[in-house]
Amino acid sequence: MNSCRVCGNNLKEFINFGMMPIANSFKKTIQIDEYKFQMSVGFCENCMTVQLINQPDPVKMFHENYAFFSSSSNYMQTHFREFANKVIEDRLLDKKSIVVEIGCNDGILLENFKERKIISVGIEPSKNVARIAEKKGIDVINEFFNENVVNQIVKKFKKADVILSANVICHIPDINSIFSGIKKLLASDGLFIFEDPYLLDIINKNSFDQIYDEHVFLFSAMSVSYLANKNDLELICVQPQKTHGGSMRYTIGHKNAHKIDKSVVNQISLEKTNGLHLFKSYCNFEINILKIKVELINLLKILKSENKTVVGYAATSKSTTLINFFGITSDLLPVIFDTTPNKFNTYSPGANIPILPYSLFHESDPDYVLLFAWNHSEEIMTKEASFMKENRKWILYVPKLQVI
Ligand code: SAM
Ligand code: TMP
Ligand code: ZN
């Protein structure tokens with residue numbers, strides 16, 4: 001039996017991706033025997049949480065060579081500046097306030113609080129990105145969030161006025177211990193605000209590539225509400241976000257300490273209208289993905305037979321799921337271009353497709369460009385508009401296969 005990490009109930013499996021590598025394990029040399037794990041997804045009919053059935057040990061994913069640098073996207077920098085400003089205004093934060101962020105990465109969010117002289121503490125286990133945040137003057141604890149970290153913060157400062165987290169909570173398997181730690185760390189009128197990719201967007205957009213080793217949970221308002229309640233906390237507001245192809249910002253407080261916004265009840269009702277409480281919705285999602293798989297592979301084979309050049313745009317974590325699940329090899333997709341220096345001249349996880357610097361993209365003279373960073377499509381398509389006009393085409397696969 002596979003037990004739900006939130007409530008212990010039996011999980012119902014709905015999709016099995018097979019053996020998958022670590023999504024961000026870009027390698028300096030070709031490796032054929034790299035670490036892989038069985039990636040399948042289950043739904044809990046009791047607490048409505050969608051989750052990976054197995055997840056690799058976190059230290060295999062988050063370490064001194066973690067490849068994801070938050071500040072590499074301009075769009076995300078603006079998003080986090082606006083997020084910080086809103087929190088400062090709404091909560092009237094000042095020099096006496098303390099903000100804690102779980103998974104602060106390179107300090108993209110906390111630097112905005114630091115600039116306003118608000119005490120900013122980041123908890124970040126990946127040493128390389130933690131060091132960048134430290135250089136920005138942020139107080140960083142280079143560890144996984146746990147009870148010991150909570151005690152350290154309360155002892156050194158006080159309980160947190162605000163606890164923030166973005167694209168991290170859905171990464172942490174031992175989720176009840178995270179929520180019980182938050183319960184201890186949060187001041188009596190404090191708020192815990194976190195954002196993660198949103199299950200309803202994933203289902204409606206068929207964005208199955210949001211499922212990879214790091215994303216152990218795909219949350220919804222229904223499941224977060226259950227999780228909060230179980231830990232003597234309460235979901236008091238939800239606000240949809242455009243980031244990562246559709247995310248949700250969840251605001252949580254101590255039970256009975258805040259008025260519950262009507263957005264919570266409205267969102268849960270929308271989720272039920274869309275069938276997020278029903279196992280059959282997840283089975284339909286699987287059917288849609290398998291259709292995209294057949295169509296994309298056929299297209300790549302046809303383009304190869306016509307001697308067209310196809311290249312990948314952006315070596316995203318998401319691309320690892322698509323490439324490995326669809327069985328895309330370097331003879332169908334010989335190269336992916338990316339802007340992150342750490343990924344330059346590496347090989348993609350699992351499929352060993354070469355990753356080259358973005359500066360070489362235009363001279364590769366492609367006929368077709370497979371866009372893996374589809375969540376940044378507006379920014380990218382604007383940037384590449386004149387280049388793509390020269391008789392080149394984008395290949396998109398979310399929400400369905402399209403050549404434009
Ligand atoms: N918050 C940033 C953002 O939204 O761009 C970074 C998100 S990144 C996808 C996930 C981050 O969470 C990584 O920097 C990772 O090291 C950190 N992380 C993973 N597990 C954690 C844990 N248990 N406690 C604290 N941070 C964790
Ligand atoms: P992620 O989907 O795992 O967040 O990774 C985003 C990757 O996309 C990161 O390696 C940078 C890359 N990227 C580009 O190469 N070009 C771009 O224009 C954008 C927005 C991202
Ligand atoms: Zn459950």
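Analyst: Angles under 35 degrees count as roughly parallel, over 145 as roughly antiparallel, 65 to 115 as roughly perpendicular and the rest as oblique. Heads up: this is a predicted model, where local features need pLDDT of at least 70, side-chain atom pairs count only at 80 or more, and totals for chains, interfaces and linings use all residues. Residues are numbered from 1 along each chain as written, chains are lettered from A and ligands numbered from 1 in written order, and side-chain values use heavy atoms, without hydrogens or water.

User: Why are α10 and α11 called roughly perpendicular?

Analyst: The axes (lines fitted to C-alpha atoms over the stretch in contact, with angles from 0 to 180 degrees between N-to-C directions) of α10 (residues 279–305) and α11 (residues 317–326) come within 10 Å and cross at roughly 75 degrees. That falls in the 65 to 115 range, so α10 and α11 are roughly perpendicular. Both are helices, meaning DSSP runs (H or I) of at least four residues.

User: What makes up the contact of α10 with α11?

Analyst: With heavy atoms within 4.5 Å as the test, Ile289, Leu290, Ile292, Lys293, Leu296 and Ile297 in α10 meet Leu322, Phe325 and Phe326 in α11. By class, that's eight nonpolar, no polar and one charged residues.

User: What makes Lys343 a polar contact of ligand 2?

Analyst: A polar contact is a pair of N or O atoms within 3.5 Å. An oxygen of ligand 2 is 2.7 Å from an N or O atom in the side chain of Lys343, so the pair passes the cut-off. Lys318 has such a pair at 3.0 Å, and Thr340 at 3.1 Å.

Notes: Helix = DSSP H or I, 4+ residues; strand = E, 2+ residues; numbered from the N terminus. Nonpolar A, V, L, I, M, F, W, Y, C, P; charged D, E, K, R; others polar. Polar contact = N/O pair within 3.5 Å; in protein donor to acceptor, adjacent residues only side chain to side chain.
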